[in-house]
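Trainee: Could you take a close look at the nonpolar and aromatic side chains here, going from the surface inwards?

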Amino acid sequence: MNKPLRRIAIFCGLLILSLMIRDNWLQYVRADELNANEHNRRVQIERFAHERGNIITADGQTITGSTETSGTDFKYKRVWKDGPMWSPVTGYASQVFDASQLEKIEDGILSGTDNRLFFDRTLSMFTGEKKQGGNVVTTLNSAAQKAAFQGLGDKKGAVAAINPQTGAILALASTPSYDPGQFAGSSSKDSKAYKTLLDDKNEPMLNRALRQTYPPGSTFKVVTAAAALENGLYSGIDDPTRSPVPYILPDTAHQPLNNEGNIPCENATLKVALQYSCNTVFGKISADLGNDKMKAEAEKFGFNKQIFNPVRTDASVFPKDNRPQNAMAGIGQASNRATPLQMAMVAAAVANDGKLMKPYMVDQLQAPNVDVLSKTQPEQMSQPMSAATAQKLQKMMEFVVTDGTGKAGQIDGVTVGGKTGTAQHGVDNKDNPYAWFISYAKSGDGSPVAVAVVIEGSDTTRDDIAGGKLAAPIAKNVMKAVLDSKK
């Protein structure tokens, strides 16, 4: 071969080599980056070219689906059954506005792109079967979810229910809510609906069960009682406490901590103090223990850390604070803030003899042929208290329901423990308070459900806002729904 031809051949070879390198670089090194690029419409078209897998309740109810669309290059869009009721669990999946909650976190399974579904995708190429996504089976109990959502009604608030023995989330409701089907497509109508929801001052897209923190009020006194018993400040729940009335907040100019009403709180026992929700007793306990011990006990229950279940929750907060503020934090006020899920975890740990299980809401992931790809195993999160302390707290909480402020949580033939709370809200308590109730119910084989309910706003007059009146009846119906489903 003469020299000019050899040079042309070498040059052409280099061009081919560079094309091969470039092609491999794009296909393998940058593949994930290009697939995730928001401007890569082919990826989006492929994502909506087949039916999405479904989200299913623990009792087998399918709460999502797919429907064919027209007038767009996206063939399918997502639909939901009872969307407003289930959106705090499922989130949304939109052709334009991405996805949230389980629809986002488990998108690989639901859309069929997860590597664990490679065999199914490959097999469909040869068999000609229609490609589809896998399923997400949740831990949610459909009867409990319905009781929670309907119980909240037109009130602003949230409900979280857990199986204390496993950590499985049984109900997760938030109101006001939204219908994710309103903006699942790509039309101008969908875009308008999405913007309307974002602009709504009532924040219907806020998941109040997981992403909103509130002062827990007197429900936190359960944690304070646990701290008193665990640290040896008091040993028996029927022994008198060293609690004067009035109790003067430490390091203040004679600022009293008041009780609500004329109740027997002076030197009251722990059992009676929880029965009547004595601020003086629990505020003094928090001050006597000090901020470090109180903070350490709260953190054993899950405060001051984010929880992933697999959806991220906001961290509940027990503050590092000065003495008078620490006393107020011990009764669930000051800078003390908690999510409904966190307070359900408090009740669950008491019910489960002091063992706190890690909350989770996905039981298993399935391939399109319903083969199980993965299954969640219950996992202990912490041990906030000994079994002996938990059993003392059970007696106290059960006494609250039989003889105290939690009577509206009673269920015939069932042992129920609970604690009410009415948390101050706004500067100088000028806004309507938050109404709380945390509880658990014991069946013959243990404690299958723990619940937290918070009512952030309602049309109830201020004087009638109380955890026992507003929140306890909702918790009762959720617990009963779970118990009835076990029969």
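Mentor: Ile10, Leu14, Leu17 and Ile21 form a nonpolar patch on the surface, with about 390 Å² of accessible area together. Such areas come from the Shrake-Rupley method with a 1.4 Å probe, and for residues only the protein chains shown count as cover. Patch members have over 30% relative accessible area and no salt bridge, with nonpolar side chains (Val, Leu, Ile, Met, Phe, Trp, Tyr) joined within 5 Å and like charges within 9 Å; a salt bridge is a side-chain nitrogen of Lys or Arg within 4 Å of a carboxyl oxygen of Asp or Glu. Leu14 lies in helix α1, residues 3–29, where helices (H or I, at least four residues) and strands (E, at least two) are DSSP runs numbered from the N terminus.

This is a predicted model, in which local features need pLDDT of at least 70 and side-chain atom pairs count only at pLDDT 80 or more, while totals for chains, interfaces and linings use all residues. Residues are numbered from 1 along each chain as its sequence is written, and side-chain values use heavy atoms, with hydrogens and water left out.

A core is a set of buried Ala, Val, Leu, Ile, Met, Phe, Trp, Tyr and Cys residues joined through side-chain atoms within 4.5 Å, buried being under 20% relative accessible area, exposed over 50% and partly exposed in between (1.4 Å probe, protein chains only). Not counting residues up to four places away in sequence, Phe282 touches, among others, Leu270, Leu274 and Ile331, a contact being heavy atoms within 4.5 Å.

The aromatic pairs number 11; rings of Phe, Tyr and Trp (its six-membered ring) pair if their centres lie within 6.5 Å, with planes under 30 degrees apart counted as stacked, over 60 as edge-to-face and the rest as tilted. One of them joins Tyr214 and Trp436 edge-to-face, at 6.2 Å centre to centre and 85 degrees between the planes. This pair links distant parts of the chain, 222 residues apart, with Tyr214 in the loop between α9 (188–199) and α10 (221–230) and Trp436 in strand β14 (residues 431–443). Tyr214 counts as buried because its relative accessibility is 0%, and Trp436 does so at 0%. Phe220 and Phe303 have ring centres 5.5 Å apart and planes at 85 degrees, so this pair is edge-to-face.
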